[in-house]
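Please find below some notes for a colleague who is opening this structure for the first time. They are arranged as numbered points.

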Amino acid sequence: MISQEWLRHFSIAFILLPFAVGMVRFKYLKEEYKLLLAYLTASVLVETWGEVTFFMGSKGNMIGYNIYTILEVTLLGLLYYQFIKTQLFRQIVLISIVVFDLLATYRLIADPHAYDDLSWSLSNALLIVYVLLFFYDLLKQPEIAVLTRYPMFWISSGILIFFSGTIFVFLFGKYIISDMDAMGDLWDMIKWLNILYNILLAVGLYQKKAVITLRPQ
Amino acid sequence: MNYIQLHLREIIIIGSSSMVSLSLVVIGLVWFLHRKLARQYLEMNHLRG
């Protein structure tokens with residue numbers, strides 16, 4: 001097995017880290033974070049299926065990843081819908097989820113086994129926007145005393161770094177796939193960022209208290 | 001071969017690293033500004049008390 005393949009499996013295995021932390025802390029987590037756990041469960045399932053089809057030598061697993069992209073935007077979008085307090089931002093998030101789901105589902109039905117570069121890169125762009133809206137909203141909540149102990153800060157940091165770092169790879173994914181010998185190493189960027197992403201999600205889910213609030217005297 | 005295909009590697013590497021750097025700047029800025037705001041909020045409430 002070549003090093004690129006080892007890195008692929010190693011990176012995929014990291015999804016188990018936030019999933020395990022989330023499961024261990026399940027009963028202590030606030031209701032809102034259970035959407036993140038649903039997303040992590042979908043990630044574990046789709047990656048397991050991807051690994052099984054990979055080892056069976058099947059190349060037709062793109063349909064799973066295309067469905068996963070829809071789930072990703074829906075579940076993470078709803079997570080932000082619950083945490084964002086500004087009404088206008090909440091509406092933007094909700095409407096964009098519905099529009100994206102319709103568009104991605106239409107493209108999925110039209111060609112389920114194709115690499116859907118439009119949906120994949122659009123999902124990245126949407127999640128970057130959700131994080132930026134959330135961060136702007138967060139600056140209006142000074143009652144959260146210690147940001148580094150606030151789970152959504154770590155989770156959002158992970159999402160922002162991963163989805164902004166991979167948007168160019170997904171945008172030009174068709175070119176990369178058509179010339180994997182020369183440009184396949186560019187795909188490695190996703191694997192390294194995925195490891196960092198999962199570590200940050202695990203750190204977020206590990207935080208003992210959902211929110212440390214300042215008590216006015 | 002069009003322009004994008006010729007310079008694809010550079011576009012992806014420069015684009016991705018710029019985006020990651022920008023993200024780190026945003027995260028740092030949010031952390032810094034929020035810390036400042038939280039301190040002001042705490043001081044204000046202490047004064048009121």
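1. Setting aside neighbours within four places in sequence, A:Leu127 is in contact with A:Val73, A:Leu76, A:Ile159 and A:Phe163; contact here means C-beta atoms, placed from the backbone, within 7 Å. This is a predicted model, in which local features need pLDDT of at least 70 and side-chain atom pairs count only at pLDDT 80 or more, while totals for chains, interfaces and linings use all residues. Residues are numbered from 1 along each chain as its sequence is written, and chains are lettered from A and ligands numbered from 1 in the order in which they are written.

2. A:Leu127 also belongs to the largest nonpolar core, which has 57 residues. A nonpolar core is a set of buried Ala, Val, Leu, Ile, Met, Phe, Trp, Tyr and Cys residues joined through C-beta atoms within 7 Å. A residue is buried with 20 or more other C-beta atoms within 10 Å of its own, exposed with 12 or fewer, and partly exposed in between. The members that touch the most others are A:Tyr80, A:Leu127, A:Val131, A:Phe134 and A:Ile159.

3. Which elements each supply at least two residues of this core? In chain A they are α3 (34-55), α4 (62-83), α5 (87-110), α6, α7 and α10 (188-206), and in chain B α2 (8-48). The most comes from α7(A), with 13 residues. Helices (H or I, at least four residues) and strands (E, at least two) are DSSP runs, numbered from the N terminus.

4. The axes of α4(A) and α5(A) come within 10 Å and cross at roughly 170°. Axes are lines fitted to C-alpha atoms, for helices over the stretch in contact, and angles run from 0 to 180 degrees between N-to-C directions. That makes α4(A) roughly antiparallel to α5(A). Angles under 35 degrees count as roughly parallel, over 145 as roughly antiparallel, 65 to 115 as roughly perpendicular and the rest as oblique.

5. On the α4(A) side of that pair, the residues include A:Asn66, A:Val73, A:Gly77 and A:Tyr80, and on the α5(A) side they include A:Arg90, A:Ile97, A:Asp101 and A:Leu108. By class, the contact of α4(A) with α5(A) has eleven nonpolar, five polar and two charged residues. Ala, Val, Leu, Ile, Met, Phe, Trp, Tyr, Cys and Pro count as nonpolar, Asp, Glu, Lys and Arg as charged, and the others, Gly among them, as polar.

6. With α6(A), the axis of α4(A) comes within 10 Å and crosses at roughly 10°, so α4(A) and α6(A) are roughly parallel to each other. Among the residues making this contact are A:Val73, A:Leu76 and A:Tyr80 of α4(A), and A:Trp120, A:Leu127 and A:Phe134 of α6(A). Nine nonpolar, five polar and one charged residues make up the contact of α4(A) with α6(A).

7. A:Tyr68 is also in helix α4 of chain A. Is A:Tyr68 buried or partly exposed? A:Tyr68 is partly exposed, because 19 other C-beta atoms lie within 10 Å.

8. A:Leu37 sits in helix α3 of chain A. A:Leu37 counts as partly exposed because it has 18 C-beta neighbours inside 10 Å. Between A:Leu37 and A:Thr53 there are 16 residues in sequence and 24 Å in space, C-alpha to C-alpha.

9. Helix α2 (residues 16-24) of chain A packs with α10(A) at an angle of about 10°, with axes 8 Å apart. The two helices, α2(A) and α10(A), are therefore roughly parallel to each other. The contact includes A:Leu17 and A:Val21 of α2(A), and A:Leu201 and A:Leu205 of α10(A). By class it has eight nonpolar, two polar and no charged residues.

10. Between the chains, 24 residues of chain A are in contact with 27 residues of chain B. On the chain A side, α6 (117-138) and α7 (151-171) each supply at least two residues. The largest share of that side, eight residues, comes from α7(A). Its residues divide into 19 nonpolar, four polar and one charged.

11. Chain B has two helices and zero strands. Its C-alpha atoms fill a box of roughly 70 × 10 × 5 Å, taken along the principal axes. Of the 49 residues in chain B, 16% are buried.

12. Finally, confidence. The model scores ipTM 0.88 and pTM 0.91. For chain B the mean pLDDT is 87, and 92% of its residues reach 70 or more; pLDDT is the predictor's confidence in each residue, from 0 to 100.

Key. Two residues are in contact if their C-beta atoms, placed from the backbone, lie within 7 Å.
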